[in-house]
Amino acid sequence: MTPSKKILVTGGAGYIGAHTVVELIAAGYEPVIVDNLSASDRTLLKGMERITGRKPNFHEGDCRDKSFLRDVFQTEGPIQCVMHFAAFKSVGESVQKPLLYHQNNIDSLLVLLDVMQEFKMTDFIFSSSCTVYGQPDVIPVNESAPFKRAESPYGATKQICERILEDIYPTGFRIVSLRYFNPIGAHPSAMMGELPIGVPNNLVPYITQTAAGLRKKLTVFGNDYDTPDGSCIRDFIHVVDLARVHVKALEYLQHERHSKLYDAFNVGTGKGVSVLELVNTFIRSTGVKLPFIIGPRRPGDVEKVYADPAKAMDALRWKTQYSLEDAMKHAWAWEQKLRASHSED
Ligand code: NAD
Ligand code: WQD
């Protein structure tokens with residue numbers, strides 16, 4: 001019997017999930033999307049249809065709702081693997097609403113695993129985060145670095161979820177956790193990208209909204225760090241490169257014959273880029289003016305972190321293809337497209 005090509009993508013209407021759906025279709029899979037649209041709308045679902053010419057099955061509902069998930073699994077029939085993106089992701093909001101974050105991010109994982117077990121499904125790919133490391137002692141950080149106490153409830157949910165996955169895999173799961181560094185950019189077609197709700201917290205959407213005139217100026221949070229130009233250093237990875245690693249992780253699970261498996265991989269470029277370097281790359285690669293000032297440090301920010309991605313490159317046979325310039329151009333094209341569609345409304 002040929003294995004099912006169906007991949008369940010929770011959170012598939014969101015930023016990273018939607019880009020992954022496009023890459024799954026390109027690789028010949030049949031993604032099925034589950035999303036409760038609590039942090040998204042149908043914009044990216046429409047975008048992925050335009051890009052691929054396909055309309056993946058979409059089930060609107062909550063991953064914490066067991067009977068809803070049972071219905072999805074029953075309706076869809078055999079599913080090869082579950083990719084679990086659905087979660088709340090705002091670090092700042094998690095400090096204001098810790099219970100909401102723990103409930104949503106942890107309960108959705110637990111309920112999903114429970115239903116998977118009921119349906120005898122084993123293969124699972126989890127959206128983890130570099131936030132599990134905190135400020136690592138050694139940079140570039142590799143997967144064996146210890147988890148420091150999480151800086152935020154959001155970070156704690158990712159640490160707890162990884163612990164749950166480590167605990168349950170011996171009962172018959174095959175699991176890959178992907179620790180994303182800083183995803184940026186948009187689909188090269190400008191039909192999908194990041195859709196922040198309200199004032200963006202993350203750097204790149206703040207940059208593009210400032211360049212588009214929605215925000216007066218960007219504030220660079222601190223230039224007195226112990227880094228070459230004084231601003232923080234991060235590992236910014238193009239969202240399409242990040243999406244493609246999921247296809248590689250799927251192939252890895254197919255080839256690994258172990259009936260029980262847990263493995264975690266860093267997903268970053270391996271290159272540390274400072275906030276000021278990123279700002280200058282945006283200006284240089286788009287030719288757009290970007291008013292910015294230097295402000296105080298943002299509480300809770302890690303000074304510098306970037307990935308050692310050797311494990312993913314080697315075991316998953318994956319490498320990044322897009323440059324920082326590409327990411328800036330694509331993010332800007334997406335922002336312009338959004339502004340144009342809003343002015344038509
Ligand atoms: P996103 O907010 O764009 O997408 C998440 C999607 O999940 C949204 O469409 C939301 O409606 C949905 N969702 C949330 N809770 C749900 C629930 N209980 N049931 C069903 N749907 C639910 O976020 P993203 O940037 O695409 O992030 C995807 C995953 O990657 C998250 O787990 C996030 O924590 C993780 N991650 C993101 C980043 C980042 O910077 N974007 C970095 C590291 C890890
Ligand atoms: C990047 C750098 C800011 C905005 C977060 C989460 C992490 C992961 C990725 C989910 C920092 C600086 C920002 C601005 C600025 N997400 N900055 N002015 O904090 O590295 O990571 O997203 O798992 O868990 O913590 O990303 O984009 O917010 O900030 O100077 O207006 O840009 O100080 O140095 P961060 P970010």
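**Notebook: two ligands in a predicted model**

I began with the residue classes around ligand 1: its shell has 13 nonpolar, 10 polar and 5 charged residues. The model I used is predicted.

**Entry 1, ligand 1.** I looked up which of the 28 residues around ligand 1 come nearest, and found Asp35, Ser40, Lys89, Asn104 and Tyr154. For Asn104 I noted a polar side-chain atom 2.7 Å from a nitrogen atom of ligand 1. I then turned to backbone contacts. A polar backbone atom of Tyr15 is 2.9 Å from an oxygen atom of ligand 1, and for a polar backbone atom of Ile16 the distance to an oxygen atom of the ligand is 2.8 Å. I also checked how much of ligand 1 is covered: alone it exposes 820 Å², and the protein buries 94% of that. Two or more shell residues come from each of α1 (15-26), β5 (123-129) and α6 (153-168). The largest share, 3 residues, is from β5.

Tyr154 has a side-chain N or O atom at 2.5 Å, Arg234 has a polar side-chain atom at 2.5 Å, and Asn202 has a side-chain N or O atom at 3.2 Å. On its own, ligand 2 has 680 Å² of accessible area, of which the protein covers 88%.

Technical notes:
Residues numbered from 1 in each chain as written. Chains lettered and ligands numbered in written order. Predicted model: local features only at pLDDT ≥ 70, side-chain atom pairs only at ≥ 80, totals over all residues. Heavy atoms only, no water. Near = heavy atom within 4 Å. Polar contact = N/O pair within 3.5 Å; in protein donor to acceptor, adjacent residues only side chain to side chain. Areas by Shrake-Rupley, 256 points an atom, 1.4 Å probe, with all protein chains shown as cover. Helix = DSSP H or I, 4+ residues; strand = E, 2+ residues; numbered from the N terminus. Nonpolar A, V, L, I, M, F, W, Y, C, P; charged D, E, K, R; others polar.
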